[in-house]
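Let's take a friendly walk through a protein model. Please have the sequence and the 3D view ready as you read.

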Amino acid sequence: MDVSHILDELNEPQREAVTASDGNCLVLAGAGSGKTRVLIHRMAWLIEVEQVPVWNILAVTFTNKAAREMRSRIDELMTSPSGAMWVGTFHGLAHRLLRSHWKEAGLSQGFQIMDSDDQFRLIKRILKSLELDDSRWPPRQVQWFINARKDEGLRPQHIDDCDDFFQKQMIRIYQEYEDACNRGGVVDFAELLLRSHELWLNNPQLLEHYRKRFSHILVDEFQDTNSIQYAWIRLLVGNRNQLFVVGDDDQSIYGWRGARVENILNFQSDYPGSSLIKLEQNYRSSGNILKAANAIIEHNPTRLGKNLWTEDDAGEPIHLYSAFNEVDEARFVIGRIQDHLEQGMQRSGIAILYRTSAQSRLFEEALIQSSIPYRVYGGMRFFERAEVKDALAYVRLIKNQHDDVAFERAVNQPPRGIGPRTLDAIRLHAREFACSMWQASVELKQGGAMQARAANAIQHFIDLIEENRHTDEDIPFHESISRIIEIAGLREHFKKSRDGKGQDRIENLDEVVNAARQFINPEDELLSVLDAFLAHASLEAGENQGQEHEECVQLMTLHSAKGLEFPIVFIGGLEEGLFPHRMSADDPERLEEERRLCYVGMTRAMQQLTLSHAESRRLHGSESYPLPSRYLREIPHEYLLEIRSTPRISRPYTAASQTNTAGEFQLGQQVTHPKFGEGVILSSEGEGSTARVQVNFAETGVKWLVVNYANLS
DNA sequence: TCAGCGCATGTTTTT
DNA sequence: CATGCGCTGA
């Protein structure tokens, strides 16, 4: 058989990975080393050479975009259709499983998916009903707690309360939250995974069925798997199936949301006898960029170890600009962009990357001033918009009146005189009788326990929902959505709003109908088109990073740059406290992750990488004088070209001569504190009476101290 | 119901 | 600084 289309144009290690024989395989694929290509060609190899039927293959990714790309590239490479192959995100696949086996999973047939905003609101409501003070129990923190536990595979009853009041209370809230979800027939993102894992655990015959079916499992971006995803895969693989994973421990940047690098670090011990293949040849970046990135990442002690190399020339040195302040930094970057554009570079080939989204504003302002079109990635997506969610809340409530999340959202939007008093009464009743708010409303009204005005308003709302319940049989569903929006009075409501956003909102409502009209149900046999649409709205949230090919300069955080590449890359704000971020400063593991983030950012660049830092930065209103990032110091000088524009007093960025704004302390200096003992200055910020220094104490670890009070010597 | 005010808050983000 | 939240009074 002719396998040239699969194997040609692959280098040796890539070919080795693609043709790997039976058994589990870990492919450590450095940035720009052809990771996706290996994955795609591996699938083609399995199907065309090893004659594995397509329906025996399961390929998992993290983002919908990656899943779509994988599907389209496999279709390009192979002649036979890939339709029967399962390709999707962890959440998408888990969702599919739960739809097929909702009964065994203990769900209701029409269960709906909550996004994080829905979840947040629900948690807030629960805290209120438990009469817990949100300043002591911040909903964000509760949400984080619940999601983190679910990501670890833990239900309330599995969590050790440590005989600790705080922990006990959290567990109680978690339990209460679970009950609410179950009553309302809603699941959150983490629940999809946890529930489908339990589905397999509790139904051995079902697990067996899927184990038989998926003899070959492939996972992309394996370093990003969290505990439950890892367990899910482990369970499905069993001891017969073959697992092929691709990842890069050096690009693990999602530890803060539960991803465990250990999953990739321990792969070989967890899957004994598995093979390890390293892809180290980089096809993206020029020599200098690569060597500098390598030099930085080598400072991380816990790595599997890889050294990227390229056949390319050294190319341009990395440019480093020390800006006077953050405005100067933006001005400089945009000036350089103009140079590149004049030389014929495409706008879309240029990216500005930064650590925090707040940094985008300065660059945007400078871009606007120079009339350069740009596009900021991230931010709110279509199906996350308030008005869109309002509209869908009506749709969901009409489908299932017991969906409290939808009820809360729709009941007084637009305002129809159902105020907090009435709602409190409804919530109280619902809680007391463990029923939905819908049912509570009906009962309260019938019981005559409501003020006439409130009763009227509620009746109005009930009628509105009831009247639409049985009308969606023969008209296309987008028309029923359009009708619901109309009858609910959303359009009318936004028309009246005078905050200037009304028109946008109305357009978005129209767009919902439009999206519904164009929607093609991908899970035909499993779901009604309406349910599929609602699931799609939560799971994909719409055009996230669409239209990359727009002719625009690309602005994004370092996180969202992962997986992308650009000829010209700028990374701004390389300053201690910003990058690495101060929130990570006291934890060595998180500092390693920040370093990986830097590595990810640098390896996005193909031809030219420019780094910058500002010597003074206005942040949250006050001025700070951050030291240049430690990562700058980790780049050997031979790869760098320092750029100075305006003559001014500038501080060198090397450790030896860094001065602190408080004047007395230098980076790296040994100091003694009366209470904490001996330590070394790590960084500093602020000036005068608010100047602070960060000190790494031998005994107590890293601390920030205000120079004026600290009494350091 | 809504405007207005004071207060706290301030990473990274996918699903 | 700038935004977003919750509370208050009309």
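Helix 14 (residues 287-297) lies across strand 9 and strand 14 and runs at about 55° to strand 14. Here helices (H or I, at least four residues) and strands (E, at least two) are DSSP runs numbered from the N terminus. Axes are lines fitted to C-alpha atoms, for helices over the stretch in contact, with angles from 0 to 180 degrees between N-to-C directions; contact means heavy atoms within 4.5 Å.

This is a predicted model, in which local features need pLDDT of at least 70 and side-chain atom pairs count only at pLDDT 80 or more, while totals for chains, interfaces and linings use all residues. Residues are numbered from 1 along each chain as its sequence is written, chains are lettered from A and ligands numbered from 1 in the order in which they are written, and side-chain values use heavy atoms, leaving out hydrogens and water.

## The sheet

Strand 9 (residues 318-323) pairs with strand 14 (residues 605-614) in the parallel sense over five bridges; two strands pair if DSSP finds at least two bridges between them. Look for L320, whose bridge partner in strand 14 is L611.

Both strands belong to an open sheet of seven strands with parallel pairing, in the order 11-12-10-13-14-9-17. Its edge strands, each pairing on one side only, are strand 11 (374-376) and strand 17 (640-643). From one strand to the next, the twist averages 20°.

## The largest cavity

How many cavities of 30 Å³ or more does a search of the whole structure find? There are eight. A cavity is a set of points, on a 1 Å grid over the protein atoms alone, where a 1.4 Å probe fits but cannot get out; lining residues have an atom within 4 Å of a point. Points are joined across faces, edges and corners, and a volume is the space filled by probe spheres set on them.

The largest cavity holds about 200 Å³ of space. Its lining has 13 residues, with R125, S129, R183, R427 and R431 closest to the centre. The lining divides into five nonpolar, one polar and seven charged residues (Ala, Val, Leu, Ile, Met, Phe, Trp, Tyr, Cys and Pro are nonpolar, Asp, Glu, Lys and Arg charged, the others, Gly among them, polar).

## The second largest cavity

The second largest cavity has a volume of about 160 Å³. Helix 17 gives the largest share of its lining, four residues. This cavity lies between domain 2 (112-184) and domain 4 (382-540), because both give residues to its lining; the domain bounds come from an automatic or database domain assignment.

Key. On a 1 Å grid over the protein atoms alone, a cavity is a set of points where a 1.4 Å probe fits but cannot get out, and a pocket is an open set with protein on both sides within 12 Å along at least five of seven lines; lining residues have an atom within 4 Å of a point.
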